[in-house]
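Reader: I'm new to this one. Could you walk me through it?

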Amino acid sequence: MIDYFSIALTHGLILFACWRLLFRDDLDSESGLSGKESRPWLRQQDDSADA
């Protein structure tokens, strides 16, 4: 019984993640931000590399 539960749980979570990804609003938009602005987490790396 635990095996069926763990398989159902993991597959259910995968399906839930796919469902959430497929129905994102920005999935259908062609307009995006420019290269550097679309990845704000790299801003810290760029600032430290310039120093």
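Reader: How many of the 21 residues of helix 1 are buried?

Author: This is a predicted model, where local features need pLDDT of at least 70, side-chain atom pairs count only at pLDDT 80 or more, and totals for chains, interfaces and linings use all residues. Residues are numbered from 1 along each chain as its sequence is written, and side-chain values use heavy atoms, with hydrogens and water left out. Buried means under 20% relative accessible area, exposed over 50%, partly exposed in between (1.4 Å probe, protein chains only). Helix 1 is hardly covered, and its count of buried residues is 0.

Reader: What share of the 51 residues of the protein chain counts as buried?

Author: The chain has 2 helices and 0 strands; these are DSSP runs (helices H or I, at least four residues; strands E, at least two), numbered from the N terminus. Of the chain's 51 residues, the buried share is 0%.

Reader: Where does F23 lie, and is F23 buried or exposed?

Author: F23 sits in the loop between helix 1 (2-22) and helix 2 (43-50). Its relative accessible area is 54%, so F23 is exposed.

Reader: How are the ring planes of W19 and F23 arranged?

Author: Rings of Phe, Tyr and Trp (its six-membered ring) pair if their centres lie within 6.5 Å; planes under 30 degrees apart count as stacked, over 60 as edge-to-face and the rest as tilted. That rule gives 1 aromatic pair. The centres of the W19 and F23 rings are 4.6 Å apart and the planes are at 50°, so the pair is tilted.
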